[in-house]
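Please study the sequence and the three-dimensional structure shown below. The paragraphs that follow lead from a sheet to the helices packed against it and each other.

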Amino acid sequence: MNRPINSSSSPSTRPTTNDTSSASRSLQSAAGTTSGNASGPQSLPLAGGASFLRKAEVVARLRRRLPANAVLHRAEDTTPYECDGLSAYRQTPMVVVLPASEDEVGYVLRECSALGVPVVARGAGTGLSGGALPHGEGVLLSLARLNRILSIDPLARIARVQPGVRNLAVSEAAAVHRLYYAPDPSSQIACTIGGNVAENAGGVHCLKYGLTVHNVLRVRGFTVTGELVEFGAEALDSSGLDLLALVIGSEGLLAVTTEVSLRLIPRPPLARCIMASFDTVESAGAAVAAVIAAGIIPAGLELMDRPAVQAVEHFVHAGYDTDAAAILLCESDGSELEVENEIARMQAVLGEAGASALRVSQSEEERLRFWAGRKAAFPAVGRISPDYYCMDGTIPRKHLADVLRFIAAMEQKYSLRCPNVFHAGDGNLHPLILFDANTEGELERTEAFAAEVLEKCVAVGGTITGEHGVGIEKINQMCVQFSAAELERFRAVKLAFDPAGLLNPGKNIPSLHRCAEYGRQHVSAGRLPFGDLPRF
Amino acid sequence: MSDALQTIAEQVRAARAMRRPLRLRGGGSKDFYGGALQGHVLDLSGYSGIVEHEPSELVVTARCGTRIAELEATLERAGQCLAFEPPHFGPQATVGGMVAAGLSGPARASAGAVRDHVLGVRVMNAAGEMLEFGGRVMKNVAGFDLARLHAGSMGILGPILEVSLKVVPQPQATQTLFFECTEAKGIEALNRWAGIALPMSASLIHDQHLMVRLSGAEAALESARAKLGGEVLDPAAAATLWRAVREQTHPFFADDRRSLWRLSVPSTAPRLDLEGPQLIEWGGAQRWWRGEADFAVVCDKAAAVGGHATLFRTRLRQPGAPAFHPLSAVLQGLHERLKASMDPDHLFNPGRLVPTL
Ligand SMILES: Cc1cc2nc3c(=O)[nH]c(=O)nc-3n(C[C@H](O)[C@H](O)[C@H](O)COP(=O)(O)OP(=O)(O)OC[C@H]3O[C@@H](n4cnc5c(N)ncnc54)[C@H](O)[C@@H]3O)c2cc1C
């Protein structure tokens, strides 16, 4: 079942270094712990004595090559790693390893696969779907110490980095060349490139500049058996099947990343942002479609409804219109002339689409203030509720108004509030259900609410996750989105890379058994795909 | 249309029952490309038509047999286009073949490749069942990205029956500038220019000339031209030039006395030590070379600079001879296991992408 994340934490209290020490584990779930739920199909329940011996053996084998302080096994050392950003799911790993070089990563994988020990890779642990949730009888492989930017080639516009490098650190290092790395998840001060690759992370500028998969040229890493492998190249393509595309977004199930070549792009000389107010959420949703239909691809296009705007305004004073039913942030970037032109076109379209007020940022400072509100939306919402749960469905833009109405109806049905803040340009929703885990039954109502919304996303032709991944959180909804034959193909891919099922077992791809237990039939948009064909 | 699909499924099941390999064919415009053709033809051109195009969604969904020309005409009427400018190589070229071959045109370096625009696919497995991966939305991370994996798969994973592609608005204006310069200077200039925010949408170095196409708002083109200098090419001549490069009707490509090789290399790589004429695209990252040489020798030279080689067109294509750069041992193993798990009887396009598969 889905579990909430706790609201009382904000990105500013998240780790700002790659250090995953206990101090950085700021997320505490009021929902309590759910130990043991991480066991994948491959885990062998070992009796106490046997598991103790096993642990001793694993620790001894790893310490043959790694220093003692890089192989942790005492509860006080391993507990800080018991969860990622989805903190209601917790599981202490048997052992935590902190390799400091690519060679050490290879060694760890070779030993673990020889011993048949499951391995879960971990970056900064900001994932929101439990992807980095440890395995109770496995090794948690932290890549945090592989945190060097190896090179930046300004002429070729390529940064070579280790997986533990923080997303924002890449753009900071490239800034002297007036270059940057485009994908900018809201968690970019903390999340790592290795984690971004594993989740195919997106950000507010994805509509124009693409997701992680569009901005990564090459991934080097190890297969589960510790063989070094390269996917992609610093050329624009490579021979054979596009395994680079397959590995990106594979949630650490196919390989462990140890080096990445990132495409850098020139920083646009100017950016300006329009804040548009609307009297109804529906008209704001329709305006999003109108902008795109006019042939404009904004650098960012985000929507916030009134409850979100009000929470944010009290928190950051971004100057938002708190009377509007919804506001849109619509950004243009490029040369001065281009921006001037595009802003004028955007204003015209938004005006025609019924905006009740339009404000254009007059300075870089004002533009950043507009965005500061959007970026602080989660912590701001956290201040008005003891807990919140962040969803991540994507839908075709034309269904925005419909799905927003559906969410409003669910608020009534479950008696829970649900502000909306999201990447409207991509149709990527992040409804935030507010609840109090200490109130009897609210957690269960939240989970039922969330499940209905995700299934609605699938029903209108969308998906259960746009950027946060399936992890452990949405594994049941995978049974709703995909047919048995499709899931079988996913399992076939997993098997080709990891026949023993040791890399991040139990995540992302549900077992047949799991879907049978969840008891949902996959139906796409109210009909079976190719319903006119006989099924076998 | 479901009749056409029915027929395809029956042929796949029959082939499986008889263990008779299939050669998947759309319009046949790319028959020359990849490993030599083998197997019984499975004609996919009959399953055609645009299923859905809603301009405000920036997505089009088309069946595999739809001609690329028809798709592009539909998009054009809505002021949109395929950003990656796929080469057709013939009027009969289909959308399924376009995705399977994974070839992109002049805009590749700035706009991305076919794979960057594939949002979803419907494919058929060896049991004749339909599978759907990805969808019609811009962001989707549910499960492994099997939709993108089909771009450039050369059909070895099975028939691609329907694709959803991200489309983009047509540029408001384009302009082509030309300069006289050496190959080395041209490569250096293109890389430098790509590092400053300029609306470059295509480039070409050939025969002591550098051509740069700019696309975007008028205002953007003006300021770019002021920065770059160069001469402005007549718009009609420019359109003809880029079409000729994309469709390989340019004189460099038309002369087929020697084999045509595609060298995909890091954009700043020096010229490979190969005798013969070259045409350079994609800001330096795609280099076409005409000449004869041992396959392994060319591959080694490309690999030495971090790239790979393809024997793109040749009159000397031998059955079983490789067209694509050999894979590392680890990647070869992964390909073998992927193929074994997705197409255990090796029904689909044997040898077309990897000689042994
Ligand atoms: C406040 C907040 C805002 C967020 N905003 C966004 C957003 O705007 N867009 C977005 O896309 N996401 C967002 N996220 C989610 C999260 O930050 C991203 O998914 C991020 O990519 C995770 O990176 P990480 O380093 O924390 O990875 P982790 O959480 O440590 O791991 C994530 C997954 O990657 C795997 N992994 C990590 N490193 C490796 C490696 N080297 N090799 C193989 N597998 C590996 C793990 O096993 C796990 O499955 C947000 C999260 C928070 C808390």
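Two strands are said to pair if DSSP finds at least two bridges between them; strands (E, at least two residues) and helices (H or I, at least four residues) are DSSP runs, numbered from the N terminus. The model is predicted, and its local features need pLDDT of at least 70. Residues are numbered from 1 along each chain as its sequence is written.

In chain A, strand β14 (residues 300–305) is joined to strand β15 (residues 326–334) by 6 bridges, and the two run antiparallel. Within this pairing, A:D305 stands opposite A:A326 of β15(A). Both strands belong to an open sheet of 5 strands in chain A, ordered β16-β13-β15-β14-β18 with antiparallel pairing. Its edge strands, β16 (357–360) and β18 (421–422) of chain A, each pair on one side only.

Helix α9 (residues 281–293) of chain A packs on the sheet and touches β13 (270–278), β14 and β15 of chain A, where contact means heavy atoms within 4.5 Å. The direction of α9(A) makes about 20° with that of β15(A). Such angles run from 0 to 180 degrees between N-to-C directions, and axes are lines fitted to C-alpha atoms, for helices over the stretch in contact.

How do α9(A) and helix α14 (residues 400–414) of chain A pack, and at what angle? The angle is about 150°, with the axes of α9(A) and α14(A) 8 Å apart. Therefore α9(A) is roughly antiparallel to α14(A), a term for angles over 145 degrees. The contact is made by A:V281, A:E282, A:G285 and A:V288 of α9(A) and by A:L400, A:A401, A:L404 and A:R405 of α14(A).

How values were computed
Chains lettered and ligands numbered in written order. Predicted model: local features only at pLDDT ≥ 70, side-chain atom pairs only at ≥ 80, totals over all residues. Heavy atoms only, no water. Parallel < 35°, antiparallel > 145°, perpendicular 65-115°, else oblique.
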